Amino acid sequence: MRPKHTTRLSITCASVLTVVVLLLIWLKPAYGQDEKKIVNVDESVNPGTALAVAEEESIASDQASQTDDSVAVPTPSEKAVRFYRSGLWWWSVQEIWSWFIPALILFTGLSGRLGRFTERIGKKQVIVTILFVAIYFLIDFLLTLPVNYFAGYARAHAYGLSNQTLGRWLKGAAVNSGTMMVLYIIGFAVLRILIQRSPRRWWAYSSAVVAAIIFFYLMIHPVWVAPLLNRYGPLQDKTLEADILALADRAGIEGGRVFEVDMSRDTKALNASVRGIGKTKRIVFWDTLTSRLDHDEVLVVMAHEMGHYVLHHMYRTWISISLVYGLGLFLTDRMGRRIIQKYQSRLGFQNLHDVGAVPLFMLISGILFFAMAPLLNADSRYRERQADQFALELTHNNHAMAQSFVALQSTNLAVPYAHWFDKLLRRTHPSLGERIDFANTYRPWEEGKPGRYDKLFAPVNNR
Ligand SMILES: [Zn+2]
């Protein structure tokens with residue numbers, strides 16, 4: 001009877017996701033029929049984890065029809081539409097796969113057996129946690145690798161977007177997974193002790209611990225993790241650097257916070273980002289930007305990042321991710337024990353603090369992040385709009401901003417409008433079409449009205 005319940009649950013989950021995938025495929029957002037139906041793709045080059053989403057950005061140059069100062073939203077190429085559809089398809093596969101792995105490890109009893117095995121050879125609980133989480137991450141890494149290879153590496157190459165070698169791609173995947181493994185080891189080591197010490201309130205204390213770990217990760221990422229994969233340094237183009245630093249100065253950002261990264265080794269995509277938190281916070285300039293953008297377009301892209309920086313968006317990212325994990329821990333407390341009790345014989349462990357329960361946390365937090373995606377994405381899109389507004393008020397260069405989005409669309413093979421369903425679940429940025437429209441129209445200074453962020457800027461002649 002119990003196994004049947006589990007099977008039925010798995011079948012229901014799989015069916016729902018399959019229907020979602022089929023819907024996405026058959027919705028066929030065809031251009032020419034309804035121009036407002038497609039999406040802005042800003043796939044990151046290396047698919048990241050929930051933590052790694054942080055402040056990934058997308059920016060970029062090309063042609064645009066032009067009347068007066070405003071820029072038209074270009075029609076996407078047929079290739080871009082195909083790239084978009086395959087992106088949705090692969091995203092669905094990755095999503096299903098990411099739930100399937102912990103569910104499989106859990107409900108086949110593998111987790112219970114692995115738990116007993118690590119208990120036997122590890123003896124000390126800390127060692128047991130290290131062994132279990134390390135083996136879990138290894139299994140997860142190996143099972144996810146083929147899907148990520150097609151979704152990330154092969155697909156980007158097939159569309160001519162990437163020049164990354166397979167070796168560098170593998171190294172990136174290993175570094176990301178390894179970093180997560182270390183963080184999860186620390187997290188679970190503390191969590192298991194807290195569950196035993198405080199069976200009723202452990203989730204509240206653990207939420208604080210998890211928030212601290214996420215903060216730690218955001219802080220060390222640009223100084224310890226990112227340099228393992230790429231070279232970060234001052235900008236190569238000194239004239240451009242001087243102008244970016246002058247703009248940063250006007251935005252109240254102290255010197256030495258802008259870094260260039262050698263992304264051209266791996267990708268043709270255009271991007272920039274804000275990374276780090278507190279003392280490690282910095283604006284990262286992708287060296288691909290100058291390949292397709294002119295001087296003014298680069299400046300407005302950097303002004304957008306300055307918006308994220310000055311408006312402390314990294315703190316907001318940290319708080320929202322921490323809140324979702326906190327909610328995940330609470331739900332695990334409420335549901336976890338019941339699930340364990342119900343499926344005990346199948347799972348092969350009895351308690352929430354047993355090391356075998358680790359995949360249960362993974363499964364619940366994974367499902368929760370999916371369920372919360374509409375909220376998290378809407379919040380992210382709001383912040384992106386704020387950063388665009390900030391950049392326009394700082395530079396007053398509407399044309400350059402709109403042109404940079406046109407360039408982004410063509411270089412990154414993006415489509416200008418998102419289907420509502422895709423927007424709901426995946427879009428962290430407003431669609432490029434909306435951003436071009438905003439860049440064309442937002443000019444309060446022309447009517448003598450104050451901007452929302454004017455007070456944050458140093459006067460132009462005082463720079
Ligand atoms: Zn942004």
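In which helix is the place of Ala134? Ala134 sits in helix α4, and we will visit that helix in one of the views below. The structure shown here is a predicted model.

Figure 1. Welcome to the overview! The protein chain is built with 14 helices and 6 strands. Of its 463 residues, 39% are buried.

**Figure 2. Helices α4 and α5 pack against each other.** Two packed helices are described by the angle between their axes and the distance between the axes. Here, α4 (residues 125-158) and α5 (residues 166-197) meet at an angle of about 145 degrees, and their axes are 9 Å apart. The crossing of α4 past α5 is right-handed. By class, this contact has 16 nonpolar, 4 polar and 1 charged residues. On the α4 side, look for residues including Val126, Ile130, Val133, Phe137 and Phe141. On the α5 side, those taking part include Trp169, Met181, Tyr184, Phe188 and Arg192.

**Figure 3. Ala134 is one of the residues where α4 meets α5.** Ala134 belongs to the group of α4 residues that meet α5. Now find Val182, which is 48 residues away from Ala134 along the chain. The C-alpha atoms of Ala134 and Val182 are separated by 8.3 Å.

**Figure 4. An open sheet holds four strands.** The strands of this sheet come in the order β3-β4-β6-β5, and their pairing is mixed. At the edges are β3 (232-233) and β5 (272-275), each of which pairs on one side only. Strands β4 (residues 258-261) and β6 (residues 282-286) are parallel and share 4 bridges. Across this pairing, Glu260 stands opposite Phe285 in β6. Strands β5 and β6, in contrast, run antiparallel, with 4 bridges joining them.

**Figure 5. Strands β5 and β6 form a hairpin.** There are 6 residues between the two strands, and Gly276 in the turn has a positive phi of about 80 degrees. Helix α9 (residues 295-310) lies across β5 and β6, and runs at about 20 degrees to β5.

Figure 6. In soluble globular proteins, nonpolar side chains tend to be buried together. The largest nonpolar core in this model has 93 residues, of which Leu247, Met302, Met306 and Val358 touch the most other members. Helix α11 (residues 358-395) gives the most to this core, with 11 residues. Take a closer look at Val358: leaving aside its neighbours within four places in sequence, Val358 is in contact with Phe132, Val133, Tyr136 and Phe188.

**Figure 7. Two loop residues have a positive phi without being glycine.** Lys123 lies in the loop between α3 (110-122) and α4, and its phi is near 65 degrees. With 10 other C-beta atoms within 10 Å, Lys123 is exposed. The second residue is His312, in the loop between α9 and α10 (313-347). His312 has a phi of about 55 degrees. It is partly exposed, with 13 C-beta neighbours inside 10 Å.

**Figure 8. Leu456 meets residues from other parts of the chain.** Our last stop is in the segment after α14 (432-441), where Leu456 lies. Leu456 has 17 C-beta neighbours inside 10 Å, so it counts as partly exposed. Which residues does Leu456 contact, leaving aside its neighbours within four places in sequence? These contacts are Ala251, Gly252 and Val310. Leu394 is 62 residues away from Leu456 along the chain, and their C-alpha atoms are separated by 9.3 Å.

Terms used. Residues are numbered from 1 along each chain as its sequence is written. This is a predicted model: local features need pLDDT of at least 70, side-chain atom pairs count only at pLDDT 80 or more; totals for chains, interfaces and linings use all residues. A residue is buried if 20 or more other C-beta atoms lie within 10 Å of its own, exposed if 12 or fewer, and partly exposed in between; C-beta atoms are placed from the backbone. Two strands pair if DSSP finds at least two bridges between them. Two residues are in contact if their C-beta atoms, placed from the backbone, lie within 7 Å. Axes are lines fitted to C-alpha atoms, for helices over the stretch in contact, and angles run from 0 to 180 degrees between N-to-C directions. A nonpolar core is a set of buried Ala, Val, Leu, Ile, Met, Phe, Trp, Tyr and Cys residues joined through C-beta atoms within 7 Å. A crossing is left-handed if the near helix is turned anticlockwise from the far one by less than a right angle, and right-handed if clockwise. Ala, Val, Leu, Ile, Met, Phe, Trp, Tyr, Cys and Pro count as nonpolar, Asp, Glu, Lys and Arg as charged, and the others, Gly among them, as polar.
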